[in-house]
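Visitor: I have a structure to look over before I set anything up. Can you walk me through it?
Guide: Go ahead and ask.

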Amino acid sequence: MLKKTVLKYTLNIGLLVTGLLLSAQNPIIQTKFTADPAPMVYRDTVFLYTSHDEDDAFGFKMKNWLLYTSTDMVNWTDHGIVASLKDFKWTDPENGAWAPQVIERNGKFYMYCPMPGQRGIGVLVADSPYGPFKDPIGKPLVKNSSDDIDPTVLIDDDGQAYLYWGNPNLWYVKLNKDMISVDGSIVKDPSIAKVKGSPDPFHYQEGPWAWKRNGNYYMAYASTCCPEGIGYAMGKSATGPWEYKGMIMDSDKRSNGNHPGIIDYKGKSYVFGFHYNLGKQTISKHYERRSVCVSEMIYNADGTIQKLPFWNPEGVKRIAVLNPYHRVEAETIAYSEGVKTEEMTEWERNNPYDTGKKITDRIVVSSINNGDYTKVQGVDFSKGTNLLEISVASINGGTIEIHTDAVDGALLGTVQVTGKGEGDLFKTIKSPVKNIKGIHDLYFVFKGNKDLFYFDWWKFSSN
């Protein structure tokens with residue numbers, strides 16, 4: 001099957017030799033191809049919106065946008081498709097769901113999306129960061145030129161919002177307080193404008209990301225092409241003028257493109273981007289199948305940013321713990337091998353001609369075969385353990401071995417999944433486990449023949 005061929009990460013064999021596998025964290029999503037990261041901090045959670053390269057993409061084949069969340073920067077929960085081109089009735093729904101950004105204002109969430117075929121930039125709005133997102137205006141928010149891609153938004157301290165975008169030029173326009181209409185004329189930024197025959201210290205290419213921190217305004221972007229690194233400039237206002245400051249990350253042949261997304265979270269700063277390593281583990285030629293990565297970013301005392309090496313395999317350090325005594329979705333993953341995630345709807349299905357009532361929508365771990373595994377970091381067993389509950393739907397059945405701190409670490413317990421041909425019937429299995437305390441990484445290692453089962457959630461109980 002293509003999905004297993006593409007995403008069966010055979011490079012991990014080599015990583016075992018160096019010992020990197022157990023600490024591998026980049027790319028942060030291994031179950032799908034993701035790109036164009038747009039992180040947003042809301043309350044105590046990082047909401048990471050991404051574009052989505054299809055598994056069979058040769059060039060850009062992108063139909064929807066995905067959402068992942070984390071409270072510790074290492075375990076990411078898949079929330080599936082949060083919006084798609086089909087939400088815009090006035091555009092081509094088949095391909096072109098490029099780099100978005102989501103921002104919150106007054107309890108509403110605004111998603112700015114480039115439209116395929118030079119149709120401009122659209123906007124969606126929702127009452128929750130999880131969606132559903134809907135088109136409030138039924139037309140482009142901005143339709144200016146062939147540069148109309150890669151939107152980014154900044155709301156200044158005085159409440160004025162700015163929308164920026166562009167490849168290969170940087171454009172901006174003020175937004176009204178409703179965030180779905182513009183105020184005034186579109187401006188081509190003069191300080192980063194491409195001027196034929198003149199030196200270009202910015203090397204601006206595309207993918208702008210605007211933010212403000214400690215009184216300084218920043219504009220990061222994909223720099224040079226190709227490959228693209230991440231450059232940045234600083235200014236004294238939201239409209240510049242921008243002064244080039246250097247590279248956050250130099251270009252590297254392992255990442256043909258790039259797109260920065262930058263946040264502060266729980267006292268640390270992070271830059272997201274992407275590389276192509278996941279796809280290149282199985283395919284030698286270049287395809288647009290990208291994978292989001294993250295690194296911690298350090299500011300100097302004067303506000304400038306320290307240059308980072310190319311995305312390191314270890315990613316970032318965990319900054320919180322995970323509670324195992326509450327239900328944990330199986331698609332909450334720090335790292336995985338072989339598996340995918342997918343959205344499923346369970347129906348009553350009383351007879352062949354009627355689906356019956358909808359029981360529930362689920363996002364599950366799927367494509368599970370012998371030797372595949374998922375890992376979660378920093379599980380806090382403060383109360384000890386004696387029982388594990390899991391929710392699964394059996395295809396051919398198999399076992400789940402729960403190991404601590406390594407894929408072949410101490411065995412905490414084994415869950416037997418029986419039954420066959422029950423992939424649409426989810427059941428809860430309770431299984432005894434050894435008592436353990438302290439903070440540990442958990443590995444759910446799957447054993448059996450053929451496609452084993454779908455894995456929905458897990459939960460531990462204490463003595």
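**Domains, salt bridges and backbone**

Guide: Domain 1 and domain 2 bury about 810 Å² between them, and 38% of that area is on carbon and sulfur atoms. Note that this is a predicted model.

Visitor: Which residues in domain 1 lose the most area to domain 2?
Guide: V74, N75 and D78 do, and together they make up 53% of what that side buries.

Visitor: What's the make-up of that side by class?
Guide: The side of domain 1 that touches domain 2 has three nonpolar, four polar and two charged residues.

Visitor: Where are the domains in the chain?
Guide: Domain 1 covers 34-306 and domain 2 covers 328-461. Their C-alpha centres are 34 Å apart. The contact takes nine residues from domain 1 and 12 residues from domain 2.

Visitor: How many salt bridges cross the interface of domain 1 and domain 2?
Guide: The rule finds zero salt bridges there. Polar contacts are another matter: six residue pairs are in polar contact between domain 1 and domain 2, with both residues at pLDDT 80 or more.

Visitor: And how many salt bridges does a search of the whole structure find?
Guide: The search finds 16 salt bridges. One of them joins R290 and D53, with the closest N and O atoms 2.8 Å apart.

Visitor: Where do R290 and D53 sit in the chain?
Guide: R290 is in the loop between helix 3 (277-280) and strand 18 (291-297), while D53 is in strand 2 (residues 45-53). The pair links distant parts of the chain, 237 residues apart.

Visitor: Is R290 buried or exposed?
Guide: R290 has a relative accessible area of 4%, so it counts as buried. D53 is buried too, because its relative accessibility is 0%.

Visitor: Remind me, why can such side chains pair at all?
Guide: Side chains of opposite charge can pair when their charged atoms come close.

Visitor: OK, K212. What does K212 form a salt bridge with?
Guide: K212 forms a salt bridge with D156, and the closest N and O atoms are 3.2 Å apart. K212 belongs to strand 12 (residues 204-213), and D156 to the loop between strand 8 (152-155) and strand 9 (161-165). The two residues are 56 residues apart, and this pair also links distant parts of the chain.

Visitor: How accessible are K212 and D156?
Guide: K212 is partly exposed at a relative accessible area of 29%. D156 has 10% relative accessibility, so D156 counts as buried.

Visitor: What about E422 and K427?
Guide: Their side chains meet in a salt bridge of 3.4 Å, N to O. E422 counts as partly exposed at 24% relative accessibility, and K427 is partly exposed as well, with a relative accessible area of 27%.

Visitor: Which residues do salt bridges with shared partners join into one network?
Guide: D156, D157 and K212 are joined into one network in that way.

Visitor: Let's switch to K340. Where is it?
Guide: K340 is in strand 22 (residues 340-347). With 10% relative accessibility, K340 counts as buried.

Visitor: What lies 3.5 Å from a polar atom of the K340 side chain?
Guide: The backbone oxygen of T31 lies at that distance.

Visitor: Now the backbone. Which peptide bonds are cis?
Guide: Among them is the bond from N26 to P27, with omega near 0°. P27 is in the loop between helix 2 (12-18) and strand 1 (33-42). The bond from C225 to C226 is also cis, with omega near -5°. C226 is in the loop between strand 13 (216-223) and strand 14 (229-235).

Visitor: What is phi for M179?
Guide: Phi of M179 is near 65°, a positive value in a residue other than glycine. M179 lies in the loop between strand 10 (171-175) and strand 11 (182-188). At 0% relative accessibility, M179 counts as buried.

Visitor: And N214, what's phi there?
Guide: N214 has a positive phi of about 50° and is not a glycine. The residue N214 is found in the loop between strand 12 and strand 13.

Visitor: Buried or exposed, that N214?
Guide: N214 is exposed, with a relative accessible area of 67%.

Note on methods: Residues are numbered from 1 along each chain as its sequence is written. This is a predicted model: local features need pLDDT of at least 70, side-chain atom pairs count only at pLDDT 80 or more; totals for chains, interfaces and linings use all residues. Side-chain values use heavy atoms; hydrogens and water are left out. Domain bounds come from an automatic or database domain assignment. Contact means heavy atoms within 4.5 Å. Buried area is the accessible area (1.4 Å probe) that two parts lose on being put together, summed over both. A salt bridge is a side-chain nitrogen of Lys or Arg within 4 Å of a carboxyl oxygen of Asp or Glu. A polar contact is a pair of N or O atoms within 3.5 Å; within protein, one must be able to donate a hydrogen and the other to accept it, and residues adjacent in sequence count only if both atoms are side-chain atoms. Ala, Val, Leu, Ile, Met, Phe, Trp, Tyr, Cys and Pro count as nonpolar, Asp, Glu, Lys and Arg as charged, and the others, Gly among them, as polar. Helices (H or I, at least four residues) and strands (E, at least two) are DSSP runs, numbered from the N terminus. Buried means under 20% relative accessible area, exposed over 50%, partly exposed in between (1.4 Å probe, protein chains only).
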